[in-house]
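Grab a pencil and the model viewer, and work through these exercises one at a time. Each task comes with a solution that goes step by step.

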Amino acid sequence: MTSKPVFLDRIRPAAEQSLASPGVDRASIGALVREFYSRVRKDERLGPIFAREIAGDWEPHLEKMTDFWCSVILKSGDYHGRPVPVHLRLTDVTEADFSIWLALFGKTASELFIPEIAAVFVERAERIATSLKLAMFFRLGSAVSE
């Protein structure tokens with residue numbers, strides 16, 4: 001008989017819960033996404049990166065990002081993409097670009113939601129940014145000494 005050690009239950013993080021709050025729905029998340037990407041497009045550093053990747057109609061990207069954030073915040077399951085491979089193709093993105101992205105996102109969220117709700121969006125955005133940065137920029141050393 002095998003059993004898992006009891007201490008594993010104590011170190012495993014609790015699953016994120018859906019943010020059930022009045023005013024947080026697909027419409028408000030869609031407004032956040034659209035305002036945020038409007039600011040991204042105007043940003044002198046991020047704007048050109050996005051313009052190279054999204055030529056023409058932005059609506060499909062905005063809908064996909066609305067699906068993504070509904071899945072992150074509401075646990076809707078609407079998003080079925082794979083963000084890491086998409087971001088790995090962006091060879092001109094630097095780690096510093098994530099700070100710009102987070103600042104724009106945080107400012108937008110704080111203008112559209114009450115502080116407690118904006119904080120949830122920002123905290124989840126920070127975790128997503130950390131994951132993407134690790135995937136894009138972290139490399140183990142080529143030699144490990146014994």
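**Exercise 1.** Decide whether W101 and F105 are buried or exposed, and describe how their rings pair.

*Solution.* Start with the cut-offs: buried means under 20% relative accessible area, exposed over 50%, and partly exposed in between (1.4 Å probe, protein chains only). By that rule, both W101 and F105 are buried. Next, locate them: both sit in helix α6, 4 residues apart, about one turn of the helix. Phe, Tyr and Trp rings (the six-membered one for Trp) pair if their centres lie within 6.5 Å; planes under 30 degrees apart are stacked, over 60 edge-to-face, and the rest tilted. W101 and F105 come out as stacked, at 5.4 Å centre to centre and 5 degrees between the planes.

A word on the ground rules: this is a predicted model, where local features need pLDDT of at least 70 and side-chain atom pairs count only at pLDDT 80 or more, while totals for chains, interfaces and linings use all residues. Residues are numbered from 1 along each chain as its sequence is written, and side-chain values use heavy atoms, with hydrogens and water left out.

**Exercise 2.** Count the aromatic pairs, then work out why F98 and F137 make an edge-to-face one.

*Solution.* The structure holds 13 aromatic pairs. For F98 and F137, the ring centres are 6.3 Å apart and the planes meet at 85 degrees, so the pair is edge-to-face. F98 belongs to helix α6 and F137 to helix α7, so the pair ties together parts 39 residues apart in sequence. Check the accessibility too: F98 is at 7% and counts as buried, whereas F137, at 27%, counts as partly exposed. To finish, trace the cluster that ring pairs build; W101 and F105 belong to it, and its members also include F36, Y37, F50 and W58.

**Exercise 3.** Compare T66 and E59 in helix α4.

*Solution.* Take T66 first: at 2% relative accessibility, T66 counts as buried. Leaving out residues up to four places away in sequence, T66 touches R26, I29, G30, V33 and R34, where contact means heavy atoms within 4.5 Å. E59, at 34%, counts as partly exposed.

**Exercise 4.** Describe the largest pocket: how much space does it hold, and which residues lie closest to its centre?

*Solution.* On a 1 Å grid over the protein atoms alone, a pocket is an open set of points where a 1.4 Å probe fits, with protein on both sides within 12 Å along at least five of seven lines; lining residues have an atom within 4 Å of a point. The largest one has about 670 Å³ of space, the volume being that filled by probe spheres set on the points. Of its 26 lining residues, F50, H61, V86, H87 and L90 are closest to the centre. Helix α4 gives the most to the lining, with 5 residues.

**Exercise 5.** Sum up the fold: how many helices and strands does the chain have?

*Solution.* There are 7 helices and 0 strands. Of the 146 residues, 33% count as buried. Among contacts between residues at least 6 apart in sequence, 78% join residues at least 24 apart.

Note on methods: Helices (H or I, at least four residues) and strands (E, at least two) are DSSP runs, numbered from the N terminus.
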